[in-house]
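Thanks for coming, everyone. I'll walk you through one structure today.

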Amino acid sequence: MESTSKPQQGAPAIPVYVIMVALISALSGLLFGYDTGVISGAILLIRDQFHLSPFMQEVVVSAVLLGAVLGTCTAGYLGNKYGRRKTILAAAVIFAIGGIGTALAPDAVTLAAGRVFLGLAIGVASCIAPLYISEVSPDRIRGALVFLFQLAITVGILAAYLVDYALVEIAGGWRWMLGLSFVPAFILWIGMLVMPESPRWLVSQNRLEEAKAILTRLRGNQPVRLELEEIQNSFETQKRERMGWRNLFGSRLRMPLFIGLGLAIFQQITGINTVIYYAPMILESAGFNSASMAVLGTAGVGLVNVLATILSVFLVDRMGRRPLLMIGIAGMIVSMGMIGWVFQTPLDSTFLSWFATGSLMLYVASFAISLGPVFWLIISEIYPLAVRAQAISIVTVVEWSANFVVSMTFLSLVEWLGHASTFWLYGLISIAAWLFVFYVVPETRGRSLEDIEKDWLEAETSVSLPAGALEA
Ligand code: BGC
């Protein structure tokens with residue numbers, strides 16, 4: 001008999017098994033967060049050891065993003081051909097080898113190459129893990145379970161900040177910083193060995209008996225006939241219509257593609273990673289004279305990121321995706337305005353430094369309940385099964401490319417426009433993001449993936465749906 005958590009007012013109990021499946025696969029998010037975040041501290045030691053020029057520092061830092069772009073390009077193909085589970089297993093192996101390999105790198109070029117390799121796993125995992133979680137989840141808690149992926153990203157980033165802080169004074173400490181990622185990678189690998197395949201992928205391979213057995217276990221031995229039939233029927237329709245990745249650019253799927261790409265671009269160009277990657281530098285410029293205060297402030301920002309994401313896990317299936325997006329992005333607009341204001345006032349005071357820290361925290365918290373997790377969730381929900389993996393692949397390629405561009409241009413923008421105008425620019429872009437959500441992004445709370453895909457498949461022409469058209 002499956003163990004289940006307490007039932008809520010007449011609703012069937014939530015099987016503990018499905019929560020465990022989501023938690024294990026969300027470890028890929030932890031590795032994503034750790035491996036992207038750890039370099040901010042490690043680079044200080046690497047720079048000194050290998051006498052790196054600013055250009056080579058940039059190469060070492062951004063190599064992982066380049067790898068992630070390459071990884072996402074192949075993820076859709078792999079996820080469809082070999083299944084979601086095997087693809088995450090392969091990513092775990094790359095995470096483990098990449099972690100150890102970069103820790104042992106004899107020179108900067110090998111290190112950069114190792115970071116590209118590691119990036120492949122980050123790209124693949126960022127594409128397939130949320131998709132896998134979404135496909136195994138019961139509809140009414142799908143939001144919360146996919147949000148665990150983002151929660152894991154934020155825990156990974158915080159862990160990276162703390163490990164950096166603990167090891168930054170130790171000679172060669174960077175090797176430990178990078179090598180430690182082997183531990184979660186190994187756990188992910190072991191865990192995925194015993195996790196089930198996505199029942200939806202199995203249906204797409206015509207392996208119906210296996211799909212039924214796994215779905216039954218995921219639903220705590222409740223009857224799954226209706227759910228399975230819905231998945232099967234929906235997939236059969238897509239097969240009859242010979243739906244393939246080319247359809248993504250056709251009239252019916254143009255809208256979900258537009259939504260995914262829009263969210264991907266806005267998630268990045270509203271500036272989150274200028275804060276995640278450069279927080280100590282921003283805090284120093286805002287008046288903290290000691291590096292340790294700046295690092296402490298950064299750890300605080302990392303902690304707020306985790307706490308706000310935890311809050312959002314509880315809110316997403318109660319409030320829905322759109323309200324979280326609209327409230328959170330409004331907070332991002334206000335806080336970017338505040339950060340810009342700090343840099344623009346001529347006063348130099350401790351109050352202003354703390355005000356800047358508070359504004360960064362408000363900004364990160366606002367992102368953490370909105371564009372952060374909701375992006376990964378919506379893209380795992382809105383595409384029809386036949387093209388889901390490819391669609392997410394395309395969208396995440398764009399997301400990682402936008403990340404790369406923003407991270408590479410932030411310092412130059414600050415030099416060119418100054419701090420205040422740069423942050424105000426991100427604030428203005430956030431206003432555009434808010435409008436995009438308001439007019440274009442649908443509500444998907446509580447609906448089955450098959451029900452959501454029907455909206456696109458039944459649309460006869462490429463109409464632009466009014467906001468809320470998909471509301472339950
Ligand atoms: C974004 C990352 C970002 C992280 C911050 C993720 O959703 O994709 O680029 O660093 O959130 O928590």
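Start with a loop. H51 sits in the loop between α2 (39-50) and α3 (54-81). Its phi is near 50°, a positive value in a residue other than glycine. Most residues other than glycine have a negative phi. Is H51 buried or exposed? H51 is exposed, at a relative accessible area of 69%.

There is another residue to look at here. N221 has a phi near 60°, again positive and again in a residue other than glycine. Find N221 in the loop between α10 (208-218) and α11 (225-240). N221 counts as partly exposed, because its relative accessibility is 43%, and that class runs between 20% and 50%.

Now, a word on confidence. This is a predicted model. The mean pLDDT of the protein is 90. Of its residues, 94% reach 70 or more. Where is confidence highest? In helix α4 (residues 84-103), at a mean of 98. Confidence is lowest in α13, where the mean is 84. Two stretches need a caution. Residues 1-8 have a pLDDT below 50. That stretch makes 16 contacts in the model beyond near neighbours in sequence. Residues 460-472 are also below 50, and there the number of such contacts is 22. Where pLDDT is low, the predicted coordinates should not be read in detail.

On to the packing. The largest nonpolar core has 132 residues. Which of them touch the most other members? F95, I259 and L263. Take F95. Leaving aside neighbours within four places in sequence, F95 is in contact with several residues, including S28, L31, F32 and D35. Further contacts of F95 include L118, A121, I122 and A125, and also S181, A185 and L188. A second, separate core has 20 residues, among them V38, A160, V163 and M177. In soluble globular proteins, nonpolar side chains tend to be buried together.

One more residue before we turn to the spaces. T154 lies in helix α6. T154 counts as buried, because its relative accessibility is 1% and the limit is under 20%. What does T154 touch? Beyond residues up to four places away in sequence, T154 touches N305, V306 and T309.

How many cavities of 30 Å³ or more does the structure hold? Two. The largest cavity has about 180 Å³ of space. Its lining is made of 18 residues. Nearest its centre lie F32, I153, I157, N273 and F367. By class, the cavity lining has nine nonpolar, eight polar and one charged residues.

Last, the largest pocket. About 1,000 Å³ of space lies in it. The pocket is lined by 36 residues. S40, I43, L44, Y277 and M281 lie nearest its centre. Which elements give two or more residues to the pocket lining? They are α2, α3, α6, α13, α14 (291-319) and α18. The lining divides into 22 nonpolar, nine polar and five charged residues. Keep α13 in mind here: this helix contributes to the pocket lining, and confidence is lowest there, at a mean of 84.

That's the tour. Over to you.

Technical notes
Residues numbered from 1 in each chain as written. Predicted model: local features only at pLDDT ≥ 70, side-chain atom pairs only at ≥ 80, totals over all residues. Heavy atoms only, no water. 1 Å grid on protein atoms, 1.4 Å probe; cavity = no way out; pocket = protein on both sides within 12 Å on 5 of 7 lines; lining within 4 Å. Points joined across faces, edges and corners; volume = space filled by probe spheres on them. Nonpolar A, V, L, I, M, F, W, Y, C, P; charged D, E, K, R; others polar. pLDDT = per-residue confidence, 0-100. Helix = DSSP H or I, 4+ residues; strand = E, 2+ residues; numbered from the N terminus. Contact = heavy atoms within 4.5 Å. Buried < 20%, exposed > 50% of the residue type's maximum accessible area, 1.4 Å probe, protein only. Core = buried A, V, L, I, M, F, W, Y, C linked by side-chain atoms within 4.5 Å.
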